[in-house]
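Q: Could you walk me through reading the sheet and helices in this model?

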Amino acid sequence: MSSGTDKIVSSIMSEAQEKADVIIQDANADASAITANAEKTAEAEKLKILENGKKQSDMRYQQIISEAKMNARRAKLGAKEEVIEAAFNQATGELKAIAAEGNDDYKDSLAKMIQEAAAEIGTDDLIIHLNEADTDKFKQDLSSSDSFELDGIKFTLGEPIDAIGGAILKTSNGDIEVNNTIEARLERYKSILRSEVAEILFK
């Protein structure tokens, strides 16, 4: 190959090398830019994921704490309810013992319960139902008759009832009935007594 040709080839190769270098440099620059942008995007995505994860974690934490507090309140209320119910059961047991004993205090209370029920009905000819023990005592006092008068009201003894004490009164035709047994009275006043018992027990 002549020297002139060598120069031409050398020149072409040199230009090609320069162009290749430029292309490679541009490609490297583009690659660096792409990599830098990708890293920024990835970092931003990472932060976003972490932030979302933190928010979800915080939300879950608050949810768990709220549930725990609610369960604690329920447990506390349940424990209080058990104590209150135990107090009512104890009071019921004591009332049952007093009624079974049939002392003067119970007799006075029974008379008042009968009078209250009679006043609520408002008639003067009533059927009275007592527990078996009280029915037997009344029958002993009444001898042959099943009727007696109290404050001008005529009462006729009915069949015994299953009750701690107190009485159920009915009109002779059975249209009106007032349950003034100890159990019924406890149930009626339970909501009022419950708050009073709770105040005494948990003050």
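Q: Which strands does helix H2 lie across, and at about what angle does it run to S4?

A: This is a predicted model, where local features need pLDDT of at least 70, side-chain atom pairs count only at pLDDT 80 or more, and totals for chains, interfaces and linings use all residues. Residues are numbered from 1 along each chain as its sequence is written, and side-chain values use heavy atoms, with hydrogens and water left out. Helices (H or I, at least four residues) and strands (E, at least two) are DSSP runs numbered from the N terminus. Angles run from 0 to 180 degrees between N-to-C directions, with axes fitted to C-alpha atoms, for helices over the stretch in contact. Here, helix H2 (residues 104–121) lies across S1 (125–129), S2, S3 (153–157), S4 and S5, at about 25° to S4.

Q: In what order do the strands sit in the sheet?

A: Two strands pair if DSSP finds at least two bridges between them. In this case five strands form an open, mixed sheet ordered S2-S3-S1-S4-S5. S2 (147–150) and S5 (177–181) are the edges, each pairing on one side only.

Q: How many bridges join S4 and S5, and in which sense do they pair?

A: S4 (residues 166–171) pairs with S5 in the antiparallel sense over five bridges. Gly166 stands opposite Thr181, and Leu169 has Val178 as its bridge partner.

Q: Why is S4 largely enclosed?

A: Buried means under 20% relative accessible area, exposed over 50%, partly exposed in between (1.4 Å probe, protein chains only). Five of the six residues of S4 are buried, so the rest of the structure largely encloses this strand.

Technical notes. Contact means heavy atoms within 4.5 Å.
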